[in-house]
Amino acid sequence: MKAIFVLVGLLVLSYAGSLFSGRRTIHGAGLPSSVEYAVLGFVLGPHMLGIIGRDLITTFEPVAQIAVGWLALVIGLDFGRNADSRVAYKNMALGLVNGALTGVVVGGAVWLACRRLPGAPTGVERVLLAGGLGAACSETTRHAIRWAMERHGAKGKLTSALADFAHADDVVPLLGMAVLFSIAPGAPASVRLPAAVWVAITIGLGTLLGALTTLHIGREARVDHTWGVMFGTSMLGLGIAARAGLSLLTVLFFMGWSTAVFSRHRAPLRAMVVPVERPVLLPALVLAGAHVDFPAPRLLLIIAVAVTARILAKLAFGAMIALPAHASPWLGTGLLSSGAFSMSVGLIFAIRFPGPVGDLVLASAFVTCIVGEAVGPLALRRALVLAGEIVEPAVPSESAASQPGSAS
Amino acid sequence: MSGAAHAAPKTLRTQAIGLFLLAFFFALLFVTTRAIPHVDGGVGAVAAVGFLLLAGTLASELVEGIGLPHLSAYIAVGVIAGPHALNLIDHAVVDRISPVNTLALALIALAGGAELKLDLVLRGLKSLAWATLVQSAVVLTLMTVTFVALSRYIPFTHGLGHAGLLGVALLWATLAVSRSPSACLGILAQLRPRGPLTDFSLTFVMTSDVVVVVLMAGVLAITKPLIDPGAAFSLRALGDLGHELLGSVALGTTLGLVLAGYLRAVGRNLVVVFLALGFGLSELLHYLRFEPLLTFLTAGFLVQNLTNQGQKLLVAIEETGSVVYVIFFATAGAHLDVPLLRSLWPMALALSTTRALYSWGAARLASRLAQDPPVLRTWAVASLVSQAGLTLGLTVLIEREFPGLGGPFRALATATVALNEVAGPILFKLALDRTGETGQAPSGRASTPDLSSA
């Protein structure tokens with residue numbers, strides 16, 4: 001299939017995404033995780049219909065990288081803030097615990113499973129696999145909480161705290177990726193540096209680019225000029241990171257974060273850039289879905305282990321925060337939703353580490369999104385109803401309905 | 001591409017920061033490409049696009065201080081970073097980012113059509129008609145003669161007989177008649193001028209597109225039997241041309257109506273719409289063998305003159321174009337074959353100088369015949385020197401028609417276009433500055449709001 005048709009298809013999706021994020025559409029339309037677009041990509045991809053073949057996936061890899069990079073930039077710009085308010089330090093810490101706990105439990109479980117499973121990756125590959133699955137499975141998508149707020153009118157302390165956690169936990173997989181990508185650097189042998197230096201370069205490059213973006217935008221900050229600067233700097237950072245084999249998501253996250261920290265135009269910058277998240281996200285999800293390649297059947301057990309470990313970790317975290325708040329101890333199931341960010345982590349792993357490691361990480365992220373979508377939103381809604389933060393509409397009784405004038 | 005007329009004046013501090021950032025980005029990409037020279041996939045292209053955009057924007061802000069146009073800065077950045085200088089962007093990457101040109105040309109043609117207001121065309125119809133007639137006739141005739149006269153210094157013509165030489169000279173002269181709509185619109189977008197020179201340049205350069213396409217089809221039909229003795233004169237090419245022109249105008253009309261309807265009913269997400277048009281529709285037009293430039297020009301013209309959505313379209317194109325144009329011209333700079341220019345520069349300089357002189361003479365004559373105001377008599381030639389994508393596109397067509405001739409012919413044409421591409425925008429900016437037309441356009445169009453008002 002010609003690349004141009006795929007490109008136009010992606011642009012149509014992007015257009016649809018921009019309509020969903022518009023003011024005139026129903027808030028919360030679609031699934032919270034947007035996993036349906038990844039499934040669409042998988043169905044169109046080489047393993048099912050073959051409409052998007054392997055050559056096209058390779059052709060569109062840079063487009064996918066730009067899209068997920070932009071997503072990381074937006075997350076960085078928005079980091080530490082939930083809508084217009086600052087995330088409370090306590091919630092920020094708990095969000096980090098949520099991400100770290102899940103990442104460590106999933107990574108640890110996969111590590112142990114790999115030791116027992118014949119034919120599973122060994123050595124550095126095992127580290128990358130365990131770490132990659134930990135990173136891809138750790139987040140709770142912000143969109144699930146937003147979905148509960150916008151579609152069901154969830155409102156209250158618990159809802160707000162959950163939204164804060166979901167905003168904060170993204171930094172865990174991003175730091176994890178910086179470390180993992182530095183363990184197996186993509187630079188040639190002539191540029192051998194310790195892993196810690198590569199991690200520092202990853203974070204430093206992003207932070208520096210953000211500072212330079214602020215300097216470039218300057219005081220005047222004209223809209224057309226700012227778009228050019230943001231777009232140009234992010235592309236340059238992304239290209240350099242990918243060239244050096246560093247985590248481009250981490251670089252762009254820190255670029256967004258440092259721009260938000262240094263710029264006096266932080267709020268309008270966020271207002272300008274954040275609405276672009278959705279139009280960029282849908283094509284990225286389709287491309288990520290098309291990229292999914294399930295490994296040999298014996299390795300599917302690793303995916304099952306990762307998904308199970310994630311459920312247990314989220315349940316544990318949910319119980320930890322539910323008890324003091326007198327909420328349902330099953331609150332953790334409501335935090336199982338993952339989405340575009342997990343798929344982005346998986347996709348970048350699959351591009352950076354082609355083969356069993358990358359395939360397993362992306363496939364696990366895909367399965368996690370589907371499982372999360374099946375369980376998460378309903379459980380979250382239930383937990384918020386029990387906490388009294390979603391008011392269920394009263395069902396009118398028969399006698400009330402038969403009263404004259406009651407229909408008005 | 002930022003509008004200089006609306007940007008705040010650059011202080012010394014701003015210039016210093018710009019210079020620092022420019023040096024830093026060059027150094028960053030230099031270190032990266034030297035440390036990690038080989039890269040698979042499209043990541044090199046991603047970094048290159050980002051770099052060209054940043055460095056082009058920064059350089060354009062710096063050259064403003066010395067009176068040079070932004071386009072010159074974009075081209076210079078491309079040349080310096082390109083494969084023939086620092087090689088921060090190699091040949092493979094330049095080829096990978098070339099599809100941006102398709103988008104840029106679509107936007108340029110749409111904007112060109114939308115800038116052509118019917119009352120403007122009718123007001124300047126007499127000047128336009130004389131200029132088109134005289135420029136085509138004078139430049140075509142004199143360049144043919146000049147090329148024949150200089151042919152002893154042009155190695156690839158040595159084996160040709162008289163008829164063959166005349167055929168090649170005619171092809172060269174047709175190339176000389178072509179102008180650069182992209183350079184014209186690029187300068188107008190930067191300077192936001194208003195006045196007789198602006199109006200004339202806009203209408204002439206845009207309509208000359210169509211004239212050159214028709215002229216080239218006719219000249220190809222005539223020169224085919226001259227260069228290739230086995231070929232017979234055929235009017236089939238003219239028939240194909242008729243089909244191409246009518247089809248392009250018809251499709252452009254439909255596109256214009258659809259665009260106007262969209263702008264009226266929805267009017268948002270225009271970036272995505274332009275991307276789909278620039279990439280998707282251009283591909284379809286190539287498949288149908290229609291002329292994309294004419295199609296988009298017609299669409300823009302229709303939106304401007306038959307609906308009330310022209311202003312909206314222009315503003316939207318300018319917002320998108322601010323990013324796309326920088327990459328387009330910087331890529332053109334990276335494409336510039338410096339070693340080729342070095343080897344062919346004496347002949348290229350002779351041909352481009354004579355072309356500029358004939359264009360100047362023809363412009364003076366046409367202005368006199370049309371009784372134009374003095375400003376046009378002096379400066380009408382200023383926008384006619386630039387050549388870029390359209391001319392290079394025509395050389396590809398010639399290479400396809402005459403494979404035995406094409407390579408060296410194209411090399412000389414590329415070298416000549418390179419000189420015109422560098423000198424033309426500088427001359428046009430100088431003319432607009434001297435005539436006082438720079439910055440005279442009303443600020444309503446494409447004013448650049450700051451972030452706080454966005």
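Predicted model: local features only at pLDDT ≥ 70, side-chain atom pairs only at ≥ 80, totals over all residues.
**Salt bridges and a helix pair**

Q: What makes the contact of Asp119(B) with Arg123(B) a salt bridge?
A: The closest N and O atoms of Asp119(B) and Arg123(B) are 4.0 Å apart. Side-chain values use heavy atoms, with hydrogens and water left out, residues are numbered from 1 along each chain as its sequence is written, and chains are lettered from A and ligands numbered from 1 in the order in which they are written.

Q: Where do Asp119(B) and Arg123(B) lie?
A: Both sit in helix 6 (residues 118-123) of chain B, four residues apart, or about one turn. Helices here are DSSP runs (H or I, at least four residues), numbered from the N terminus.

Q: Why is Arg123(B) called exposed?
A: Arg123(B) has a relative accessible area of 60%. Exposed means over 50%, buried under 20% and partly exposed in between (1.4 Å probe, protein chains only), so Arg123(B) counts as exposed. Asp119(B), at 48%, is partly exposed.

Q: How do you know whether Lys429(B) is buried or exposed?
A: Lys429(B) has a relative accessible area of 7%, so it's buried. Lys429(B) forms a salt bridge with Asp433(B), with the closest N and O atoms 2.8 Å apart. Asp433(B) is partly exposed at 35%.

Q: Why does the pair Arg142(A) and Asp78(A) tie together parts of chain A?
A: Their side chains meet in a salt bridge at 3.9 Å, N to O. Arg142(A) lies in helix 7 (residues 142-152) and Asp78(A) in helix 4 (residues 61-78) of chain A, so the bridge joins parts 64 residues apart in sequence. Arg142(A) is buried at 12%, and Asp78(A) is buried at 7%. Asp78(A), Arg142(A) and Arg270(A) are linked in a network of salt bridges.

Q: Why are helix 6 and helix 17 of chain A called roughly parallel?
A: The axes of helix 6 (residues 123-137) and helix 17 (residues 356-386) of chain A come within 9 Å and cross at roughly 20 degrees. Angles under 35 degrees count as roughly parallel, so helix 6 of chain A is roughly parallel to helix 17 of chain A. Those angles run from 0 to 180 degrees between N-to-C directions, with axes fitted to C-alpha atoms over the stretch in contact.

Methods. Helix = DSSP H or I, 4+ residues; strand = E, 2+ residues; numbered from the N terminus. Parallel < 35°, antiparallel > 145°, perpendicular 65-115°, else oblique.
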